Amino acid sequence: MLEKFRNIFQVPELKRRILFTLGLFVVYRLGEHIPTPGVNARALAGAFASQQGTLFGLYDLFVGGAFSRATIFALGIMPYISSSIIIQLLGAVVPYFEKLRKEGEEGQKKLTQYTRYGTVAIAIVQSLGYSVFLVNMGAAQGVTVVPSPGLMFTLSTVITQTTGTIFVMWLGEKITEHGIGNGISLIIFLNIIGRAPNAVFSAIDSFRGGTLSLFTLLLIAALMVAVVAAVVLMTQAVRKIPVQYAKRIVGRRMVGGANTHIPLRVNTAGVIPIIFASSVMILPTTIAGFVPPNHPLAQLGTWFNPLGPVYNILYGVIIIFFTYFYTAVVLNPNDLAESMRKNAGFIPGIRPGKKTAEYIDRVLSRITLPGAIFLAAIAVLPDILIGAFGAPLLGFGGTSVLIVVGVALDTLQQMESHLLMRHYEGFVSSGKLRGRR
């Protein structure tokens with residue numbers, strides 16, 4: 001394995017891409033420590049402690065703690081992620097966007113441009129809400145988070161946070177273009193990994209303080225290894241549908257006649273269903289935090305307690321629903337069947353056209369169920385561990401593990417491709433590390 005990693009630096013282009021990516025990582029981490037003007041960071045840290053377990057705590061996870069520190073990258077890459085999901089959903093329901101999806105590279109360029117415009121619009125709205133959130137949170141807890149609230153603070157926060165989001169989006173696109181891996185995914189990966197040292201140190205402190213036994217610590221570590229292995233297995237799992245292409249005469253040449261397959265992933269939706277479900281389940285707790293204790297809506301915080309069985313059952317059901325929903329959005333059996341028919345392709349034993357689409361839809365529905373159940377189990381496991389042992393997976397939730405493993409596999413697959421193209425041995429002996437879709 002050490003020899004394989006040394007081979008990375010024997011390929012000039014791969015070496016340059018990796019160093020470029022690491023350089024932009026440094027730039028991003030520096031930006032995460034530049035504070036937003038007009039915010040008392042120390043008072044904010046104390047006030048934000050009560051927001052853990054709410055929608056804001058989830059948001060803070062994906063931006064590496066920048067939200068709770070009110071840095072210029074407080075919104076991070078999340079407006080871009082939101083805009084991408086919206087454009088993707090519009091592509092399934094709006095004919096214009098659906099047409100752009102089918103126009104190839106030119107259509108993709110227009111969709112990317114619309115995603116950028118949407119990112120700016122969402123960032124402006126979220127930064128405006130963030131400025132109000134900072135002022136109100138300090139006032140509600142009797143601390144001065146914003147010493148001089150007013151129009152100038154709101155305006156400066158909107159400009160700072162929107163500019164920071166645009167810069168982070170630019171960093172992500174440059175990493176994708178000139179670096180290694182998907183830049184947007186790697187930024188989220190960096191934010192999650194950045195919390196690993198604190199989580200490990202916190203577990204060690206708990207062990208030293210006597211609140212966490214050695215047996216429990218070793219058991220949690222073993223469970224984490226098992227979860228990572230299971231996530232790798234489910235991320236790589238595919239159902240191959242055989243496809244044959246008939247021979248055709250194009251000009252004076254005979255083309256076609258190839259045998260291939262359609263790789264349908266067990267976890268086609270990725271981590272998106274957990275993010276959607278988490279947002280839905282955390283919303284009642286967030287609302288309860290903004291009302292007085294005697295208000296009827298304050299009971300939402302009790303009903304939606306993450307350690308309760310009702311919460312976990314409902315959470316799992318919503319994840320399964322969103323898994324099927326998002327899979328239907330990103331993978332259309334009718335489009336696959338039509339593309340195969342136009343290229344003289346067919347599934348052995350299945351008639352082209354409608355019958356092929358029905359067959360693909362039936363197979364996809366069957367393999368999505370175990371993937372959905374797995375996502376639900378991974379999502380509720382941290383809450384079960386907290387209830388049983390008082391400690392999650394060393395600070396990592398199911399969403400974090402899925403993102404980290406998925407992005408790591410994606411990046412390794414790209415490095416593998418660079419090495420194999422130049423006749424170096426890859427990271428696996430067979431040289432067939434599959435990338436995520």
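Is the crossing of α6 and α15 left-handed or right-handed? The crossing is left-handed in this predicted model, and the views below take up this helix pair, a sheet and a loop residue.

**View 1. Crossing of helices α6 and α15.** Helix α6 spans residues 78-93 and helix α15 spans residues 309-330. Their axes come within 9 Å and cross at roughly 70 degrees. Angles of 65 to 115 degrees count as roughly perpendicular, and α6 and α15 therefore stand roughly perpendicular to each other.

**View 2. Residues in the contact of α6 with α15.** The crossing of the two helices, α6 and α15, is left-handed. On the α6 side, the contact is made by Gln88, Leu89 and Ala92. On the α15 side, Phe325, Tyr326, Val329 and Val330 take part. By class, the contact has 6 nonpolar residues, 1 polar residue and no charged residues.

**View 3. The open sheet β4-β1-β5.** The sheet is formed by 3 strands with antiparallel pairing. The edges are held by β4 (259-265) and β5 (345-346), each with a single partner strand, so one side of each has no neighbour in the sheet.

**View 4. Pairing of β1 with β5.** Strand β1 covers residues 238-245 and pairs with β5 in the antiparallel sense over 2 bridges. Tyr245 has Gly345 of β5 as its bridge partner.

**View 5. Ala70 in the loop between α5 and α6.** Phi of Ala70 is near 55 degrees, a positive value in a residue other than glycine. Most residues other than glycine have a negative phi. Ala70 is buried, with a relative accessible area of 1%, because buried means under 20%.

Methods. Residues numbered from 1 in each chain as written. Predicted model: local features only at pLDDT ≥ 70, side-chain atom pairs only at ≥ 80, totals over all residues. Heavy atoms only, no water. Axes fitted to C-alpha atoms, helices over the stretch in contact; angles between N-to-C directions. Helix = DSSP H or I, 4+ residues; strand = E, 2+ residues; numbered from the N terminus. Parallel < 35°, antiparallel > 145°, perpendicular 65-115°, else oblique. Left-handed = near helix turned anticlockwise from the far one by under 90°. Contact = heavy atoms within 4.5 Å. Nonpolar A, V, L, I, M, F, W, Y, C, P; charged D, E, K, R; others polar. Pairing = 2+ DSSP bridges. Buried < 20%, exposed > 50% of the residue type's maximum accessible area, 1.4 Å probe, protein only.
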